[in-house]
Amino acid sequence: MPNEAIIYSGPYEVGRLRRRRDRRVAEYLFRRSIRTSNPVPEMTPIRIAKLVLYFMAFSVVLAAFTAGMASILITYSIPPDIPGCRKFPGLSTMPGRSVGDQKQIVWCSENEKQLGAIRRQLSDMVEGYGIEGPKRMMGCNLDDSWGYASGKPCILMKLTQALGFEAITYNDAISLPDIAPDELYNYVSDLGMEERLNRIWVACQVKKEDDLDVMIDYVPERFFDAEALFTNMNIFLNDSSDNDGGTYTEDPSVRRIIGVQFKNIPPNRDVLVRCQVWAKNIPFHMGTARFLLHNTEPIHPTTPLLLDEWYEN
């Protein structure tokens, strides 16, 4: 037989030596299993009692941990209608383009594009309140252009939402601060006692200049009714004589918006206006809005131009 046909099966080993090696390995494995083995103890009555006590102790600890976590969540959880941190309401206004700390409102009663842009801004602001929004602001929109086509421009002011905020109001004129305008003092003084309570007052002032007599009206009133103003929904008693009483619900966000209407705005002249809301716990910088009103009108020449004389000759 040629050597190439021989297939080696491994190194040669005597049978007795292989058996001796296998026996030593088996003995080693047996001794190691004895050292590392952990036989299951017998289930005696004492062991069963210990297991029951361990289970009861684990249940008590788990129940105490769950109760502690639940109490922490209940104590520090944020209700759906109350924010995690208290904040003050701010003053949002429309229309206009923000330039620095003021809003510039420039329009021309004959420019349909400008009137359309202003109309869309104001309509978008009130349409979110459903039918109650346009109804409340009807006095500002008698010409369907929010007064900008008829010379009585209107600005909408809204207190931003601050859930859980309770306004501390000035319930009489004598409590108003010294920096409050005199016309607000006179307005509050002329009201009855019941009409002064729980109201956030609004006062707009025009910068005094020569030959400038701008009149200001507030729609529907010059205050925000602060009763439950910063809640999701209010329920009131119905005292009207049309029915037998009962209750009705109201969305308080409708009462967070009022209109300020200006009259006698001179054309082609900058009119500076500052509006403030007055409550004891609303900071001035958050309740103040500044505007620049400019009514652009075409200027017609009063004298003939030199070029016209040339063409006539």
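Count the bonded cysteines along the chain and the disulfides of this predicted model fall into the pattern 1-2, 3-4. There are two disulfides in the structure. A disulfide, remember, is a covalent bond between the sulfur atoms of two cysteines.

Start with the pair Cys140 and Cys154, whose sulfurs sit 2.0 Å from each other in a disulfide. This pair links distant parts of the chain, 14 residues apart: Cys140 belongs to the loop between helix H4 (132-136) and strand S4 (154-159), while Cys154 is in strand S4. Both Cys140 and Cys154 are buried.

Now go to Cys204 and Cys275, again a disulfide, with an S to S distance of 2.0 Å. The link of Cys204 and Cys275 is right-handed, with 115 degrees about the S-S bond. Because Cys204 lies in strand S5 (residues 199-206) and Cys275 in strand S11 (residues 270-278), the pair ties together parts that are 71 residues apart in sequence. Cys204 is buried, and Cys275 is buried too.

What about Cys108, buried or exposed? With a relative accessible area of 12%, Cys108 is buried, since the cut-off for that word is under 20%.

Back to the loop between H4 and S4, where you'll find Asp144 and Trp146. Asp144 isn't a glycine, yet it has a positive phi of about 65 degrees. Trp146 is also a residue other than glycine with a positive phi, in this case near 60 degrees. How do they sit relative to the surface? Asp144 has a relative accessible area of 51%, so it counts as exposed, the cut-off being over 50%. Trp146, at 3% relative accessibility, counts as buried.

The backbone has some cis peptide bonds to look at as well. One runs from Met94 to Pro95, with omega near 5 degrees. Pro95 lies in the loop between strand S1 (91-94) and strand S2 (97-99). Another cis peptide bond joins Val219 and Pro220, and here omega is about -10 degrees. Look for Pro220 in the loop between S6 and S7.

On to the charged pairs. How many salt bridges does the structure hold? The count is five. One of them is between Glu209 and Arg269, whose closest N and O atoms are 3.3 Å apart. That pair links distant parts of the chain, 60 residues apart: Glu209 is in the loop between S5 and strand S6 (215-219), and Arg269 is in the loop between strand S10 (257-263) and S11. Glu209 is partly exposed, at a relative accessible area of 32%, and Arg269 is partly exposed at 25% relative accessibility.

Asp217 and Lys263 make another salt bridge, at 2.9 Å from N to O.

Arg16, Arg18, Arg19, Arg20, Arg23 and Arg24 form a positive surface patch. Arg16 has its place in helix H1 (residues 15-36), and at 49% relative accessibility Arg16 counts as partly exposed.

There's also a nonpolar surface patch of about 860 Å², and its members are Met43, Ile48, Leu51, Val52, Leu53, Tyr54, Phe55 and Met56. Ile48 is found in helix H2 (residues 45-76). With 42% relative accessibility, Ile48 counts as partly exposed.

Terms used: Residues numbered from 1 in each chain as written. Predicted model: local features only at pLDDT ≥ 70, side-chain atom pairs only at ≥ 80, totals over all residues. Heavy atoms only, no water. Disulfide = S-S within 2.5 Å. Helix = DSSP H or I, 4+ residues; strand = E, 2+ residues; numbered from the N terminus. Buried < 20%, exposed > 50% of the residue type's maximum accessible area, 1.4 Å probe, protein only. Patch = residues over 30% accessible without salt bridge, like charges linked within 9 Å, V, L, I, M, F, W, Y side chains within 5 Å. Areas by Shrake-Rupley, 256 points an atom, 1.4 Å probe, with all protein chains shown as cover. Salt bridge = Lys/Arg side-chain N within 4 Å of Asp/Glu carboxyl O. Lys, Arg positive; Asp, Glu negative; His and termini not counted. Charge placed at Lys NZ, Arg CZ, Asp CG, Glu CD.
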